[in-house]
Amino acid sequence: MIQKKICMIGTSGVGKTSLVARFVSSIFSDKYLTTVGVKIDKKVLTVDGTNVTLVLWDLAGDDDFQRLQLSYLRGTAGYILVADGTRQITLDQLLDIQARVMEAVGPVPFVLALNKADLQTQWEIGKERIEQLTAQGWHILLTSAKTGAGVEEAFSDLSRMLLAPKP
Amino acid sequence: MPARESAIGAVFETLGFALFLREEPGGLKLAGEAPAWLKEIWPGAAQSGAMLEVSELSPFLENFLIDAGECWTAGGTSRVKSGPWIEGTDLELEATALSVNGQAVLLIEQLGKDFETRKAVLQKARETVIAYQRLNTEMQKKEILLHCIAEDMTGALGNVITSLRLIELEHDPLKTRRLLELAMLATQEQQNIIHRVLDVFADELESLYGRAGKNQADAEVHDVMQRALGAVQSEYQEKRVRLTASGFGTLRVAVDAGHLERVFVNLLENALHATPAGGEVKVRIEAEADTVLLQFDDGGAEIHEEVSEKLFAKFDCSEARPQATALRLHFCRIAIENCNGEIGHTSLGTAGNRFWVRLPGFHPAQ
């Protein structure tokens with residue numbers, strides 16, 4: 001069976017672990033528990049008739065207290081960038097992180113999950129910003145680990161990109 | 001197994017470490033006794049003389065062994081740590097690769113109390129950062145709000161001052177009277193703005209801290225709507241907007257009557273502001289199984305449904321619209337949600353917009 005390593009990347013508190021928990025175990029908790037280090041999960045997904053085992057590396061949030069260890073990205077087939085839609089700053093910080101990731105792993109496929117879409121009234125990331133990133137070729141999904149909206153799509157869209165024949 | 005190696009292995013086992021020595025060609029073999037956690041997660045590797053099949057057991061360790069290999073090749077006193085990782089559901093481990101007298105060593109440690117302390121500190125630090133970011137954003141929004149309130153009040157105050165200055169120069173009693181009326185209207189507008197601001201913050205405080213000692217809320221929709229219609233009647237007449245209401249009846253809802261009247265007035269004012277002069281606003285009340293539905297249809301420009309949610313936010317970061325409208329609708333949302341009701345918006349296309357409110361019915365026993 002095809003196996004692909006996918007890393008969850010973003011600053012702290014954006015919901016990387018919650019997205020993985022929703023995707024792998026269909027569970028959600030409102031309580032914020034910080035990730036220190038790495039947690040690896042696996043899930044088999046069928047994409048357009050092809051079974052693929054996703055090895056999900058949930059990496060600790062990159063912030064002033066802990067830097068993203070680039071060695072964890074070794075061999076990654078793709079990654080999911082995660083930002084918290086209710087905190088604009090997490091997207092600003094994510095752009096810096098993405099530049100470092102890009103330097104380390106090269107141009108591998110990725111998607112951007114703007115998480116906490118269930119909190120629309122507190123949403124801070126404007127439509128213009130999303131359109132701007134989309135125009136740069138970014139594949140963006142609004143996700144909610146709480147309701148499950150967009151979560152399966154984020155992983156399956158990335159898997160589809162990973163399975164697509166390389167030009 | 002040499003005695004010295006066995007003794008060292010026993011010490012590590014007692015400390016909760018698994019000690020592996022690299023054997024040529026390329027394999028890791030357990031030295032000494034296996035700690036309990038190793039027997040639990042990788043029983044095959046915990047048996048005496050068994051090799052650690054990293055690629056089958058742990059993708060994390062497999063990745064780390066590449067860094068470890070570089071460390072072993074470098075030799076000397078160099079060492080490399082993996083950083084913490086979680087194996088299985090909740091086993092927290094950390095690996096260290098080092099060389100001892102030319103022997104490649106891999107130590108895997110179950111993280112204990114020190115790590116829990118470190119994690120607790122990180123948890124607190126990150127929670128604090130998130131709280132600080134939210135507070136910072138809230139402060140920025142409050143500054144914008146204060147600016148908007150000041151702007152709104154300055155406009156009305158400017159009208160009062162202009163009227164009074166003109167009165168000073170005016171000798172015609174009729175014109176003076178008219179100017180006094182204008183000044184009075186501007187003063188009332190200022191008062192309305194102040195009430196609106198106080199409404200928003202009073203209800204936010206109530207939603208945060210509850211309403212201690214408050215009696216069970218109960219209002220009759222018909223009575224409250226009549227009062228609200230009376231309150232906005234002159235504004236509608238002034239703008240020549242027709243106001244029609246239908247579906248009245250005796251319907252009791254579990255909502256504070258004073259709050260409900262403010263909500264109705266706000267929604268009627270919102271509809272009036274959106275509707276062009278000569279247009280029409282329709283209000284409809286319908287009894288449902290356990291709830292009461294109210295619909296306020298205006299004749300304003302279509303608001304697309306993708307921005308519906310934002311209409312009820314106190315601040316809208318992406319769409320420009322009058323702050324007074326935002327405050328009006330924000331107050332409505334707070335008041336309605338506080339009594340377990342619902343509020344929403346539906347586009348009527350080119351015909352305008354519908355703002356609807358669903359209120360819980362009043363049942364004395366509830």
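In the predicted model described here, A:Thr76 is buried, with a relative accessible area of 9%, where buried means under 20% relative accessible area, exposed over 50%, and partly exposed in between (1.4 Å probe, protein chains only). A:Thr76 sits in the loop that runs between strand S3 (50-59) and strand S4 (78-84) of chain A, helices (H or I, at least four residues) and strands (E, at least two) being DSSP runs numbered from the N terminus. Apart from neighbours within four places in sequence, A:Thr76 is in contact (heavy atoms within 4.5 Å) with A:Lys5, A:Ile6, A:Cys7, A:Val105 and A:Val108.

Residues are numbered from 1 along each chain as its sequence is written, while chains are lettered from A and ligands numbered from 1 in the order in which they are written. As the model is predicted, local features need pLDDT of at least 70 and side-chain atom pairs count only at pLDDT 80 or more, whereas totals for chains, interfaces and linings use all residues, and side-chain values use heavy atoms, with hydrogens and water left out.

Chain B has an average pLDDT (the predictor's confidence in each residue, from 0 to 100) of 83, and 87% of its residues score at least 70. Over residues 317-321 of chain B, however, the pLDDT is below 50, and this stretch has 10 contacts in the model beyond near neighbours in sequence. Where pLDDT is low, the predicted coordinates should not be read in detail. Chain B contains 10 helices and 13 strands, and buried residues account for 43% of its 366 residues. An automatic or database domain assignment divides chain B into domain 1 (3-111), domain 2 (115-209) and domain 3 (219-360), and the centres of domain 1 of chain B and domain 2 of chain B, taken over C-alpha atoms, are separated by 64 Å. Within helix H8 (residues 221-239) of chain B lies B:Val232, which is buried with a relative accessible area of 1% and touches B:Leu243, B:Val265, B:Leu268 and B:Glu269, not counting residues up to four places away in sequence.

Between them, chain A and chain B bury about 2800 Å², 54% of it on carbon and sulfur atoms, buried area being the accessible area (1.4 Å probe) that two parts lose on being put together, summed over both. In chain A, the residues that lose the most area to chain B are A:Val36, A:Arg74 and A:Thr121, together 21% of what that side buries. The contact draws 34 residues from chain A and 30 residues from chain B.

The count of salt bridges (a side-chain nitrogen of Lys or Arg within 4 Å of a carboxyl oxygen of Asp or Glu) between chain A and chain B is 3. The side chains of A:Asp63 and B:Arg126 meet in a salt bridge at 2.6 Å, N to O; A:Asp63 is buried at a relative accessible area of 10%, and B:Arg126 also counts as buried, at 1% relative accessibility.

Over all chains, a search of the whole structure finds 25 salt bridges. In one within chain A, the side chains of A:Arg160 and A:Asp48 meet at 3.0 Å, N to O. Because A:Arg160 lies in helix H4 (residues 151-163) of chain A and A:Asp48 in the loop between S2 and S3 of chain A, the pair ties together parts that are 112 residues apart in sequence. A:Arg160 counts as partly exposed at 35% relative accessibility, whereas A:Asp48 is exposed, with a relative accessible area of 60%.
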